[in-house]
Amino acid sequence: MTDVEEPIPAEEVEEVEEEPVEEEEEENAEFALTATTEIKLFGKWSFDDIEVHDISLLDYLACKGDHATFLPHTAGRYQKKRFRKASCPIVERLAVCLMKKGRNSGKKLMACRIIQHTLEIIHLLTDQNPMQVVVDAIINSGPREDSTRVGGAGVVRRQAVDMSPFRRVNYALYLLATGAREASFRNLKTMAECLAEELINAARGSSNSYAIKKKDEIERVSKSNR
């Protein structure tokens, strides 16, 4: 008599529940997205809360919106067309002004490093966003009036003229960089320390600043030539 094999009962298939997407991963992804969208200078200083108190310089102080950058080094060709440098980030323009005198020309990475150290020092001394201090210093340092030579054929006199907003920004950057350079020459203080001190004094309107002294002198001379 042959043994009939009993049919083996089918094994119950365990239903594998689909694991929901972990909430932590979603939160991390959202955090990473927001972190990448906000642009901060050197990864620390925000551009969002900067206020330009002088409405006439609003178009020439490129420090918000599309002009926000991680580094003051965009490698843009701002000299190809007139007034194009107005769209150059203001911190990059300050870095470029530091590359003066022949031995410093072209050393933009050194200038960027000086700017980075300067912003750190300003934050330690004032406990403010250093970008705001830089913007205030530029606003306070630009002369509003200047004098020019008028006449010819041996008769030359000085005539007072108003200064355009664009030239005010250019002149302010020149004065700030020159004051910091002269202060740090043959001095134990580093360039970053001298630049931070110059910017803080200029932002406060103090006469200890080289730029403020020069601005007052220019305005005083032009007032006498009206």
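Me: Buried means under 20% relative accessible area, exposed means over 50%, and partly exposed lies in between. This is a predicted model. What is the relative accessible area of Phe83?

Reply: Phe83 sits in the loop between E2 and H2. Its phi is near 70°, a positive value in a residue other than glycine. Phe83 counts as partly exposed, because its relative accessible area is 45%.

Me: What is the phi of Phe42 near?

Reply: Phe42 is in the loop between strand E1 (40-41) and E2. At 16% relative accessibility, Phe42 is buried. This residue is not glycine, yet its phi is positive, near 55°.

Me: Which backbone oxygen does the side chain of Thr69 reach?

Reply: Thr69 lies in the loop between E2 and H2. Its relative accessibility is 15%, so Thr69 counts as buried. At 3.1 Å, its side chain reaches the backbone oxygen of Leu71.

Me: How many residues apart in sequence are the parts that Glu92 and Lys108 tie together?

Reply: Glu92 and Lys108 form a salt bridge, with the closest N and O atoms 2.6 Å apart. Glu92 lies in helix H2 and Lys108 in helix H3 (residues 108-126), so the pair ties together parts separated in sequence by 16 residues.

Me: Is Glu145 buried or exposed?

Reply: Glu145 forms a salt bridge with Arg226, the closest N and O atoms being 2.9 Å apart. The pair links distant parts of the chain, 81 residues apart: Glu145 in strand E3 (residues 145-152), Arg226 in the segment after helix H7 (210-224). Arg226 is exposed, at 63% relative accessible area. With a relative accessible area of 13%, Glu145 is buried.

Me: Which side chain meets Glu197 in a salt bridge?

Reply: Glu197 is partly exposed at 38% relative accessible area. The N to O distance is 2.6 Å, and the partner is Lys189.

Me: How many salt bridges does a search of the whole structure find?

Reply: Glu92 with Lys108 is one of them. Arg226 with Glu145 is another. The search finds a total of seven.

Me: What charge does the surface patch of Arg77, Lys80, Lys81 and Arg84 have?

Reply: Arg84 is in the loop between strand E2 (45-46) and helix H2 (90-98). Arg84 is partly exposed, because its relative accessible area is 36%. The charge of the patch is positive.

Me: Which residues form the negative surface patch?

Reply: One member, Glu38, is in the loop between helix H1 (23-37) and E1. At 34% relative accessibility, Glu38 is partly exposed. The patch is formed by Glu38, Asp48, Asp49 and Glu51.

Key
Residues are numbered from 1 along each chain as its sequence is written. This is a predicted model: local features need pLDDT of at least 70, side-chain atom pairs count only at pLDDT 80 or more; totals for chains, interfaces and linings use all residues. Side-chain values use heavy atoms; hydrogens and water are left out. Patches are made of residues with over 30% relative accessible area and no salt bridge: like charges are joined within 9 Å, nonpolar side chains (Val, Leu, Ile, Met, Phe, Trp, Tyr) within 5 Å. Accessible areas come from the Shrake-Rupley method with a 1.4 Å probe; for residues, only the protein chains shown count as cover. A salt bridge is a side-chain nitrogen of Lys or Arg within 4 Å of a carboxyl oxygen of Asp or Glu. Lys and Arg count as positive and Asp and Glu as negative; His and the chain ends are not counted. The place of a charge is taken as NZ of Lys, CZ of Arg, CG of Asp or CD of Glu. Helices (H or I, at least four residues) and strands (E, at least two) are DSSP runs, numbered from the N terminus. Buried means under 20% relative accessible area, exposed over 50%, partly exposed in between (1.4 Å probe, protein chains only). A polar contact is a pair of N or O atoms within 3.5 Å; within protein, one must be able to donate a hydrogen and the other to accept it, and residues adjacent in sequence count only if both atoms are side-chain atoms.
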